[in-house]
Amino acid sequence: MASLDRFFTPRTLIACHDAGAAQMILDNTSESLLRDCTLALRGPAEKIFSHYDSVDVDGPLLHPGVDKVVTGTGWQNMLEFNALHEASLSSKPSIAVVDRATNFELRFSRGGDTVEPTIILIPEYELRKLPSGIDKANVMGFVDNSRQRHLDQIMCGTERLQTLDSLFIGQPLVDTNGRPDFEIQYRFLRHWLAGKGAWSSTGFRPHPSDQSALPADLIDRVILSDLNVDAIEDISRAGEVVGIDSFLLELSAEAGKRAFRYLERDGQVAIEELRP
């Protein structure tokens, strides 16, 4: 039995936009059980669940046959928040899957409104990273069955993709109101490139929610990733992995890659190497 199976029934509604949570649900739930569920998908989750059908997400989400709601917890779209809100109004149990502890409280707040799922599921390895002082009464850890497989895949590498000296994982910074800043990733990317020689090959993998265009001054300086290629395989071809706060950085470091995190300190660009 997959680690999340016990949280599903054949009458569960799965509402997903967030890529990270969608992938965890797919990786840790039996396919036969998912096939019995109703899926409401948008954005990156549509690609992750590409072999599944989605209901219309623009109308009411909870039809009479639904007895439970499972959602992702992204900040880029209202689908998951609305599903949790509808579940609360209908007194139906709800389960929110959090792929990582970053921006934990923001995931359940929109414009002053908040939702409180019945259960919040988070991978066991993220539990220690939760902010101190938050109410953890409804938070449960689960075993992410896919993690070791991803580590093995990164360590094995790939022969079908061009080798890269480094891969920059695109990601916005999100402020306390949930507003994303995508421009800062390009500032960090320029800083990274300035420290590399002209012969160095650097890839750039956009975040699934990123609708911005690569700035003109970067087009000829980076190799843009094909988002049809799995992120894990993309990472496996790079000697170094760099970004802002993606969970892929920690995964890369654990798999033996040199991994670096960008941040701002007192208005200055800073970079730190992650240790496994």
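In the predicted model, strand β4 (residues 94-97) runs parallel to β7, the two strands being paired over 3 bridges. Within this pairing, Ile95 has Ile119 of β7 as its bridge partner. Strand β7 also pairs in the parallel sense with strand β8 (residues 139-142), here over 4 bridges. Opposite Ile120 stands Val139 in β8.

Strand β7 itself, which spans residues 119-123, is mostly covered, with 5 of its 5 residues buried. In a regular strand, side chains alternate between the two faces of the sheet. In β7, Ile119, Leu121 and Pro123 point one way, whereas Ile120 and Ile122 point the other way, and all of these residues are buried.

Ile120 also belongs to the lining of the second largest pocket, together with Phe104, Glu105, Phe108, Ser109, Thr114, Val115, Glu116, Pro117, Ile134, Asp135 and Asn138. The volume of the second largest pocket is about 220 Å³. By class, the residues of its lining comprise 6 nonpolar, 3 polar and 3 charged.

For the largest pocket, the computed volume is about 1200 Å³. Its lining consists of 48 residues, of which Ala19, Gly20, Pro208, Phe247 and Leu248 are the closest to the centre of the pocket. Two or more lining residues are contributed by each of α1 (19-27), α3 (44-48), α5, β10 (173-174), α7, α8 and β15. The greatest contribution comes from α1, which gives 5 residues to the lining of the largest pocket.

Helix α8 (residues 247-254), one of the elements that line the largest pocket, has Leu248, Leu249, Leu251, Ser252 and Ala253 among its buried residues.

At the start of the helix, the backbone nitrogen of Leu248 lies within 3.0 Å of a side-chain oxygen of Ser246. Just after α8, Gly256 adopts a positive phi of about 100°.

Conventions
Residues are numbered from 1 along each chain as its sequence is written. This is a predicted model: local features need pLDDT of at least 70, side-chain atom pairs count only at pLDDT 80 or more; totals for chains, interfaces and linings use all residues. Side-chain values use heavy atoms; hydrogens and water are left out. Buried means under 20% relative accessible area, exposed over 50%, partly exposed in between (1.4 Å probe, protein chains only). A polar contact is a pair of N or O atoms within 3.5 Å; within protein, one must be able to donate a hydrogen and the other to accept it, and residues adjacent in sequence count only if both atoms are side-chain atoms. On a 1 Å grid over the protein atoms alone, a cavity is a set of points where a 1.4 Å probe fits but cannot get out, and a pocket is an open set with protein on both sides within 12 Å along at least five of seven lines; lining residues have an atom within 4 Å of a point. Grid points are joined across faces, edges and corners, and a volume is the space filled by probe spheres set on the points. Ala, Val, Leu, Ile, Met, Phe, Trp, Tyr, Cys and Pro count as nonpolar, Asp, Glu, Lys and Arg as charged, and the others, Gly among them, as polar. Two strands pair if DSSP finds at least two bridges between them.
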